[in-house]
Amino acid sequence: MFSMNRKDIPAHLLPYFRPKRVFKPKDDAMIPHRVYDALMQDGWFGRSDIIWANLSMVWPFQSPKPNCMPESVTDRPAKSHEYIFLLSKSQRYYFDSEAIKEASVSDHPSGNGFKRPARVSYQNPDGTARGNDEQWQGVGGKRNKRSVWQVNTVPYREAHFATFPPALIEPCILAGTSEKGYCPACGKPWIRRVERESQYNGNRADETVYTGNAYKTPQSGPRGPKSDFGESTTKTIGWLPPCSCSCDPVPAVVLDPFFGAGTTGLVAKKLGRRFIGIELNEAYIDMAQKRIAAVPARLDRWAEAEG
């Protein structure tokens, strides 16, 4: 297998080496996904495409509304979302899902967004609810973060017109870096140690018996309380060293090759991480330095150690 430069191709063969046309007139270029695919072709592992639904808070009602860039188009919808891609350099990588869990959209662990009314078997002959008036009682809880993020845009007074809101950057840093830090010798992040707890009310064990198709009391009376299992929660009980280097952890480092107005550095500083920003525009560099300097560092052991 070999390659040659275009200048080395004989003139009479050039027509056969013309690149094939990819786009037709009015085709969507799909630039974000082409970059995503190119990175995977280059060796990266594509793990997720996340949709950022651009929202803004509308005064005076403070209700979220779509906030998209104006487009003078009449033959297609105006886009009100952008993409965030999760890629890794290896099949196994650090991802702290516990740090970015979100509240369930309903107060039932299934997070289905609504409470189902009492079934017929839960009703008395006159149609009123027997016991609880709902099939499930609310128990709250959290769930894994979904791939659609509804984040409000935040205005910025300086000249940069495409500043990302800090709330959009925060879950990326929380999930991609260890809060405990990493080993300075081998570069591996410390692992969160999580314990899961489930609350049990004990109602069915004491008051009801499962008969195969329904729960009944020992006297075959009306069904007893249904919310036997309460909220299933997780909590961090410590951190596990990732290696045997016996080194104290140091703060994780976040790299942003398109630093802009420094939102990534600002959020990293708030979360107790270090950061490296790369930016070509000197005006944006000055802007970022002022923004980040105005934000106090996180008051934890990292700030104390460096102070």
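## Burial and overall composition

Of the chain's 307 residues, 26% count as buried (under 20% relative accessible area with a 1.4 Å probe, protein chains only; exposed is over 50%, partly exposed in between). This is a predicted model, in which local features need pLDDT of at least 70 and side-chain atom pairs count only at pLDDT 80 or more, while totals for chains, interfaces and linings use all residues. Residues are numbered from 1 along each chain as its sequence is written, and side-chain values use heavy atoms, with hydrogens and water left out.

The chain contains six helices and 12 strands, taken as DSSP runs (H or I, at least four residues, for helices; E, at least two, for strands) numbered from the N terminus.

## Nonpolar cores

The largest nonpolar core comprises 14 residues, and Ile173, Leu266, Val267 and Leu271 have the most contacts inside it. Such a core is a set of buried Ala, Val, Leu, Ile, Met, Phe, Trp, Tyr and Cys residues joined through side-chain atoms within 4.5 Å. Helices H2 (166-176), H4 (263-270) and H5 (282-293) each supply at least two of its residues; the largest share, four residues, comes from H2. A second, separate core of six residues includes Trp52, Trp149, Val151 and Leu168.

## Threonine 264

Threonine 264 lies in helix H4 and counts as buried because its relative accessibility is 11%. Leaving aside neighbours within four places in sequence, Thr264 is in contact (heavy atoms within 4.5 Å) with Ile169, Ile173, Val254, Asp256 and Phe259.
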